[in-house]
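Reader: Could you walk me through how the chains and helices pack here?

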Amino acid sequence: MSLFAVTRATLAKDLRLEWRSKDAINSMLFFALLMVVVFSFSFDPNAEESRRIAGGLVWVAFLFAAVVALNQTWARELRNQVLDAYRVSPAPANSLFMAKALGNFVFVVVLEALMTPLFIMFYQLRALGPAWQLIPVAALGTWALVVNGTFFAAISIRTRSREIMLPLLLFPFSIPALLAMVNATTAILTGELSARFWIVLLATYDVVFTIACLLLFESVLQAE
Amino acid sequence: MRPAPVKPSLTTQDSAVISTNGLVKEFGRFAALRGVSAEFTPGRLYVILGDNGAGKTTLLRSLAGLAQPTRGKIVVLGTTNLRTVCGQIGYMAHPSLLYDEMSAMENLRYFARLYEIFDDATCARMITSVGLDPALARPVAQYSQGMRQRLSLARAILNDPKILLLDEPFSNVDVHSAREMAGLLAKMRDSGKSIFVVTHQASLLENLADEFVWMEAGQITRRTSTLQPVEAQ
């Protein structure tokens with residue numbers, strides 16, 4: 001059974017379903033937009049302060065917004081018990097996990113692409129360090145959020161209080177990644193320190209947790 | 001009244017398409033299956049009957065590999081590792097197991113990929129075989145319950161399985177369509193497939209089924225060749 005073919009088919013299916021329903025994107029956008037507005041009213045920083053706090057604000061907003069999408073992608077599989085159709089098929093469990101993680105990655109990247117200009121506008125941000133490094137930080141940071149989020153959402157989706165369960169499981173595991181994302185972003189925006197260490201830490205985190213999730217996902221999928 | 005006992009048939013372990021031995025399935029303190037031991041020979045249409053809570057759906061889910069037995073053994077097509085034979089099993093549940101936002105063809109095209117079927121012609125043929133139009137573009141959410149059931153059956157037979165496990169395939173289907181579906185099942189049985197149908201509408205399969213398996217309180221209590229009790233014959 002081809003891992004790549006099933007991953008591609010499942011990803012295409014998820015993107016099509018999201019395109020039609022827009023459940024995840026709309027919820028995330030609304031939530032993130034609210035956070036930007038609330039933050040902008042709560043703080044009135046000058047340019048220097050903005051550069052110091054923006055990394056934290058941006059990533060916390062994306063983390064909270066991503067949780068909304070993570071729940072949506074698995075909830076879709078529980079409607080009509082469609083997940084059982086996957087479970088009885090010979091398709092590899094990891095294909096489903098990779099497709100879901102990649103789908104969530106796309107959704108969060110779309111969110112980031114739409115929300116980043118707003119953050120820049122509201123906080124009048126300008127990077128004093130190498131701005132191009134924000135691209136690998138965003139890519140690695142987003143993957144760190146969605147790979148664990150997809151895994152823990154699959155665990156929590158079948159529990160009674162799934163909305164509470166996902167943050168409870170996800171946030172503690174995300175702390176090292178969140179720390180790296182915030183410090184790397186702050187380092188790039190202020191230009192005071194190198195972000196290299198934090199980027200390497202993020203990349204290591206991504207590799208370790210992606211492998212761990214792939215190894216464990218079949219047990220999660222086949223659990224009753 | 002005692003139902004007519006089933007005629008002796010091939011019941012050796014070797015010839016059985018499915019056999020269970022002391023199968024127990026517990027959910028917490030509730031035992032849904034209490035020591036089910038049975039053998040089922042290939043190429044037959046079995047109808048599983050019983051009241052609500054008798055364990056019919058749990059038995060079907062266990063045979064499909066969706067419920068792990070608490071105790072006991074299931075052998076399907078000669079193996080206890082159901083993952084290795086899941087490509088030979090078709091499963092239709094009470095819920096549709098379909099994506100509401102997609103059309104019939106889109107649904108089947110996706111599920112076909114899970115079985116490494118890449119031609120649309122197979123999907124279209126399956127949709128046609130259950131009396132639906134593969135060109136119908138509207139999403140499944142807009143289908144009637146009967147249409148969903150038929151599409152769900154099409155999904156279950158998509159991979160041309162040797163074993164078909166069907167949970168309430170006729171529920172909410174009109175009598176005419178249900179008879180058509182029953183006829184289709186009989187044809188598939190005649191082509192060598194082993195079919196297990198859980199239903200409360202056994203009369204639809206009265207003249208088509210090979211055996212009626214009666215369940216009560218998580219156990220198979222009797223197996224008969226006819227639906228009618230002995231005294232009524």
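Predicted model: local features only at pLDDT ≥ 70, side-chain atom pairs only at ≥ 80, totals over all residues.

Author: Residues are numbered from 1 along each chain as its sequence is written, while chains are lettered from A and ligands numbered from 1 in the order in which they are written.

Reader: Which element gives the largest share of the side of chain B that touches chain A?

Author: Taking contact as C-beta atoms, placed from the backbone, within 7 Å, 24 residues of chain B meet 21 residues of chain A. Elements here are DSSP runs numbered from the N terminus, with helices (H or I) of at least four residues and strands (E) of at least two. Strand 6 (89-92) and helix 2 of chain B each give two or more residues to that side. The largest share, 4 residues, comes from helix 2 of chain B.

Reader: Is helix 1 of chain A roughly parallel or antiparallel to helix 2 of chain B?

Author: Axes are lines fitted to C-alpha atoms over the stretch in contact, and angles run from 0 to 180 degrees between N-to-C directions. Helix 1 (residues 3-21) of chain A and helix 2 of chain B pack at about 160°, with axes 9 Å apart. Angles under 35 degrees count as roughly parallel, over 145 as roughly antiparallel, 65 to 115 as roughly perpendicular and the rest as oblique. Helix 1 of chain A is therefore, relative to helix 2 of chain B, roughly antiparallel.

Reader: Which residues of helix 2 of chain B make the contact?

Author: From helix 1 of chain A come A5(A), V6(A), A9(A) and K13(A). On helix 2 of chain B, the partners are Y110(B), R113(B) and L114(B).

How values were computed:
Contact = placed C-beta atoms within 7 Å.
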